[in-house]
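Biologist: Could you take me on a close look at one part of this model, the strand in the middle of the sheet pairings and the core beside it? I'd like the cut-offs as you go.

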Amino acid sequence: MDATLLFPLPKGMLIEDLQATETSLSLTVRATCLTSCCPLCGEASSSIHSHYQRTLGDASCAGHWVQLCLIVRRFYCRNQLCERKVFTERIPHFVEPWARMTIRLREHLQAVALATSGRGGIKLAVRLGMQTTRQTLLRRIMALPDLPEESVLYLGVDDFSFLRGQRFGTVLVNLETHRIVDLLPDRQAETAADWMKQRPEIMAVSRDRGAEYARIRCGWGTASDQRGRPFSPRQKSDGSTPVAAGAKP
Ligand SMILES: [Zn+2]
């Protein structure tokens, strides 16, 4: 039976050897296509310069941890105009240059990290046949691209505690989408005002009635919105007060 039916690999890749233990699989794989394209000039080459081996973690198979020994070829680039004389073949959508794991294992670890917020993720990953560390899971979360910054017209400001009763931060909420847009490291009016200065589109701010956040209102100063229209603060049903956010401190 073709082992790639049970262990899918990109088209043109061949499993040369497979060693199994009770908990792991070790596969030796290589590309079989006759040519590879130079990453600099794009010209195909069939002139092999040398081989070397890369060891990669891969997605688990039936709960077994999987390690790939990938035999990689170096090719000569025969394009006289190209600066790259020797290049390493690429296996796009499977493994990135210099990576120590395949893209699919990286995505699995990312899913575990997001589902567990990193906490307990190692136990779950090991149970699923993936060897990892806490640092790797956290790196997978940190490597995710930031969400595009959304426009905030109506902002909610409140405090929260990092450490109950001792250390506080500020949570900023988009009152239209009810999404948290940022967390600030303290609950100083100046920090919140600096954040708001970067977002001139803000029309109004709703804050709690604490003395510190009241200074935000003083900082922004005028009772008019960004377009210069008069703004009449009204107390909301939850006791908070909308604050005009048009003028900069
Ligand atoms: Zn080239």
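Modeller: Here's a walk through that strand, its partners, the core and the confidence scores.

First, some housekeeping: residues are numbered from 1 along each chain, as its sequence is written. The model is predicted, with local features needing pLDDT of at least 70 and side-chain atom pairs counting only at pLDDT 80 or more, while totals for chains, interfaces and linings use all residues. Helices (H or I, at least four residues) and strands (E, at least two) are DSSP runs numbered from the N terminus, and two strands pair if DSSP finds at least two bridges between them.

Now for strand E6, residues 64–76. E6 pairs with E2 (24–31) in the parallel sense over seven bridges, and Thr28 stands opposite Cys69 of E6. With E5 (48–61) the pairing is antiparallel, over 11 bridges; Ile48 there faces Phe75 of E6 as its opposite number. Three bridges join E6 to E7, again antiparallel, with Val86 in E7 as the bridge partner of Tyr76.

E5 and E6 form a hairpin with two residues between them. Ala62 sits in that turn with a positive phi of about 50°, and Ala62 isn't a glycine. The cut-offs: buried is 20 or more other C-beta atoms within 10 Å of the residue's own, exposed is 12 or fewer, partly exposed is in between, and C-beta atoms are placed from the backbone. His93, in the loop between E7 and H1, also has a positive phi, about 65°, without being a glycine.

Back in E6 you'll find Trp65, which is buried because 20 other C-beta atoms lie within 10 Å. Leaving aside neighbours within four places in sequence, Trp65 is in contact (C-beta atoms, placed from the backbone, within 7 Å) with Thr23, Ser24, Ser60, Gly129, Met130 and Gln131. Trp65 and Leu128 are 63 residues apart along the chain, yet their C-alpha atoms are separated by 8.3 Å.

On to the core. A nonpolar core is a set of buried Ala, Val, Leu, Ile, Met, Phe, Trp, Tyr and Cys residues joined through C-beta atoms within 7 Å. The largest one has 15 residues, and Val66, Leu68, Leu105, Leu109, Val112 and Met130 touch the most other members. E2, E6 and H1 each supply at least two residues. Domain 1 (1–97) and domain 2 (102–145) each give at least three; those bounds come from an automatic or database domain assignment.

Leu109, in helix H1 (103–116), is buried because it has 24 C-beta neighbours inside 10 Å. Beyond four places in sequence, Leu109 touches Ala125, Met130, Thr132, Thr136, Leu137 and Arg140. From Leu109 to Thr132 is 23 residues in sequence and 8.1 Å in space, C-alpha to C-alpha. Leu105, counted likewise, is in contact with Gly57, Asp58, Ala59 and Met130.

Finally, confidence. pLDDT is the predictor's confidence in each residue, from 0 to 100. The protein averages 81, and 82% of the residues score at least 70. For residues 221–242, though, pLDDT stays under 50, with 44 contacts beyond four places in sequence in the model. Residues 244–249 stay under 50 too, with 27 such contacts.

Methods. Contact = placed C-beta atoms within 7 Å.
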